[in-house]
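Biologist: I have a model open and would like to go through it with you. Can we take it one residue at a time?

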Amino acid sequence: MSVARSLSLFFAAGVVGALASSAVVWGSAELGLPQAFGVALAPKTTPAWLYQRLVWGGLWGLLFALPLSLGVVSRGLLLSLAPSAFQLLVVLPAWAGHGVAGRELGMLTPVFVLLFNAAWGVTASWWVKGTQG
């Protein structure tokens, strides 16, 4: 497979993963799951919110270019740790001002970030596996 085709596939997989993750974030917020665990993660689901998630998801999807010999779920879970670490160590504390690991949003914030990104990783990994020819 050509480099351009592979990178396009990985970016698209990341976007599909981000769409799935966004649905999980939205659905869990609608059900009040984060709030039930004392976590204040209830995003305003606007087009701007979704757009940035899709773009970032696509960029993170480029991680699938790494040569890893793992199953679909294992690969997705492993690669989901990168965007999770970025959110917990950069986005939430430095960009959003919610403290290290977003703990000001609730003690279990890191768990929800890991779960939401796991949905991204597994979905993106499934997309890569299902579309590689």
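Biologist: Is phenylalanine 11 buried, partly exposed or exposed?

Modeller: Phenylalanine 11 counts as partly exposed because its relative accessible area is 33%; buried means under 20%, exposed over 50%, and partly exposed in between, with a 1.4 Å probe and protein chains only. This is a predicted model, where local features need pLDDT of at least 70, side-chain atom pairs count only at pLDDT 80 or more, and totals for chains, interfaces and linings use all residues. Residues are numbered from 1 along each chain as its sequence is written, and side-chain values use heavy atoms, with hydrogens and water left out.

Biologist: Which helix is phenylalanine 11 in?

Modeller: Phenylalanine 11 lies in helix H1. Helices are DSSP runs of H or I with at least four residues, numbered from the N terminus.

Biologist: And how far is phenylalanine 11 from tryptophan 56 in space?

Modeller: Their C-alpha atoms are 9.5 Å apart, while 45 residues separate them in sequence.

Biologist: Which residues form the nonpolar patch on the surface?

Modeller: Val3, Leu7, Phe11, Tyr51, Val55, Trp56, Leu59, Leu62 and Trp95, with about 890 Å² of accessible area together. Accessible areas come from the Shrake-Rupley method with a 1.4 Å probe, and for residues only the protein chains shown count as cover. Patch residues have over 30% relative accessible area and no salt bridge, and nonpolar side chains (Val, Leu, Ile, Met, Phe, Trp, Tyr) are joined within 5 Å, like charges within 9 Å. A salt bridge is a side-chain nitrogen of Lys or Arg within 4 Å of a carboxyl oxygen of Asp or Glu.

Biologist: Which element gives the most to that patch?

Modeller: H3 does, with 4 residues. Helix H1 (3-31) and helix H3 (47-61) each supply at least two.

Biologist: Where is leucine 62, then?

Modeller: Leucine 62 sits in the loop between H3 and helix H4 (72-95). Leucine 62 is partly exposed because its relative accessibility is 33%.

Biologist: New topic. Is leucine 92 buried or exposed?

Modeller: Leucine 92 is buried, at 11% relative accessible area. Leucine 92 belongs to helix H4. From C-alpha to C-alpha, leucine 92 is 8.8 Å from arginine 103, which is 11 residues away in sequence.

Biologist: What is phi of alanine 101?

Modeller: Phi there is near 65°, a positive value in a residue other than glycine. Alanine 101 is in the loop between H4 and H5. Alanine 101 is buried, with a relative accessible area of 13%.
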